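Subject: Structure for your review

Dear colleague,

Please find below the structure that I am handing over to you. My findings follow it, and I would ask you to read them with the model open.

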Amino acid sequence: MSPLKCFGVELSPDNMAVAIVYFVQGVLGLARLAVSFYLKDDLHLDPAETAVVSGFSSLPWLIKPVYGFISDSIPLFGYRRRSYLILSGLLGALSWCLMATFVDSKYSATFCILLGSLSVAFSDVVVDSMVVERARGESQSTSGSLQSLCWGSSAFGGIVSAYFSGSLVDAYGVRFVFGVTALLPLMTSAVAVLVKEQAVLPSRVHNLTISSSSFIESTKQHIMQLWVAVRQPDIFFPTLFIFLWQATPHSESAMFYFTTNKLGFTPEFLGRVKLVTSMASLIGVGIYNTFLKNVPLRKIFLLTTILGSALGMTQVALVTGLNRQFGISDEWFSIGDSLIITVLSQASFMPVLVLAARLCPSGMEATLFATLMSISNGGSVSGGLFGAGLTQLLGVTKDSFSNLALLITICNLSSLLPLPLLGLLPRDAADTKNMDSELTKLS
């Protein structure tokens, strides 16, 4: 019998573990709407404050190299991957338990959301290191298939949880949803047994005299190796572009307040919208895997950025009520708009992951990939904070939306600003292969 495959990748136990961890990342979206409604209705925060809370809770994603270094260099109970997956799952369960029981202020909420974010970020680094070990030296097509498996699993998890994320808030309240969400990270702990990993000999773990000196040497070696790799023009310039591409401001928080406070969208309906966007994300992965994984990066970014900016402007029609003049209800317009934009954004983000995965030299997979992704995440957080600043500057609050159309316009036009820097990206797959060979020499 031929082995079972998904997105062209054989579902070995290791790959199953990777897929399930990404599935958990997607299914944790069950609490996303509950968090938004909790910050808005229970803690009475303004859109700008909500955006700032979201930005701070994303900080664990900015120090992913630390987790990569820990995972690569410090075996825990004899394992570099399994043990950290187990601990990550337990930490995530603890954070959502606290949200379901004790949290009652924006500071404690931010701390617990940050704790849950740390859990997901650490497990993400561990499984990413497993992915890049397989992607290194492979073709762009094979690397693309591996990333499609990861993000397809995440999108499927989002689909599974999407509708219930709203209906459960409507029926039982946000605390109940937080309690249910606390069970999901335990799946990450459970799948650690599927990871095929050579145990580190106890003598090497517990010999303190040797381990302390080797740890210092390992630290120095990793830092130097990371510095040499990151400052290479073939890595630095594409990474700079990705940061700037992600750092443009966005208006998600303000739009959430507008759709709920002004248009009266219920949690149950927003759950349906989330179901559509989760399916759209999976479609975006499928489109990339089928049609785009061999297309040069520059062409993908150019096309998707221009289309995304143009289609993003359709939110102005929703804010001004223009859609109703054409007989399109706010609900249907919102669903269609979210569907198209999500497909585009997912298809445009996949090449970022593929490029980053194939740049990692042997021996520091988790550390370098985590560094590149942290820089990308840093851009995204910066974009969120810029958006919060614009929201505050334009006077958009939970009750005032007179300048929301202007905010949306500024955010969408700003997404075009990085396009003149497309030359920082490699031209085609051959350029990426040259990067691989250069980095192999460095390692």
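Leu90 lies in helix α5. In this predicted model, is Leu90 buried, partly exposed or exposed? Its relative accessibility is 45%. Since buried means under 20% and exposed means over 50%, Leu90 therefore counts as partly exposed.

Leu90 also belongs to a nonpolar patch on the surface, together with Ile86, Leu87, Leu183 and Leu186. The accessible area of these residues together is about 430 Å². Helix α5, which spans residues 82-101, gives the most to this patch, namely three residues.

Helix α8 covers residues 174-181, and its buried residues are Val174, Val177, Phe178 and Thr181. Why do they lie on the same side of α8? The reason is that they cover an arc of only 100 degrees around the axis. As background, an α-helix has 3.6 residues a turn, so residues three or four places apart point the same way.

Next, please turn to Ser374, which is found in helix α19 (residues 365-393). Ser374 counts as buried because its relative accessibility is 5%. Leaving aside residues up to four places away in sequence, Ser374 touches Trp61, Leu62, Ile63, Lys64 and Pro65. Two polar contacts involve the backbone of this stretch. The side chain of Ser374 reaches the backbone nitrogen of Lys64 at 3.0 Å, and a polar atom of that side chain lies 3.2 Å from the backbone oxygen of Trp61.

Thr409 is part of helix α20, residues 404-414. Which backbone atom does the side chain of Thr409 reach? It is the backbone oxygen of Ala405, at 2.9 Å. Thr409 also touches Met313 and Val316, again not counting residues up to four places away in sequence. From C-alpha to C-alpha, Thr409 and His250 are 9.9 Å apart in space, although 159 residues separate them in sequence.

Finally, some values describe the protein chain as a whole. The chain has 21 helices and two strands. Of its 443 residues, 55% count as buried. The chain exposes about 19400 Å², and carbon and sulfur atoms supply 67% of that area. Among contacts with a separation of 6 or more, 86% are between residues 24 or more positions apart.

Yours sincerely,
A colleague

Definitions and conventions:
Residues numbered from 1 in each chain as written. Predicted model: local features only at pLDDT ≥ 70, side-chain atom pairs only at ≥ 80, totals over all residues. Heavy atoms only, no water. Buried < 20%, exposed > 50% of the residue type's maximum accessible area, 1.4 Å probe, protein only. Helix = DSSP H or I, 4+ residues; strand = E, 2+ residues; numbered from the N terminus. Arc of directions from axis to C-beta. Patch = residues over 30% accessible without salt bridge, like charges linked within 9 Å, V, L, I, M, F, W, Y side chains within 5 Å. Areas by Shrake-Rupley, 256 points an atom, 1.4 Å probe, with all protein chains shown as cover. Salt bridge = Lys/Arg side-chain N within 4 Å of Asp/Glu carboxyl O. Contact = heavy atoms within 4.5 Å. Polar contact = N/O pair within 3.5 Å; in protein donor to acceptor, adjacent residues only side chain to side chain.
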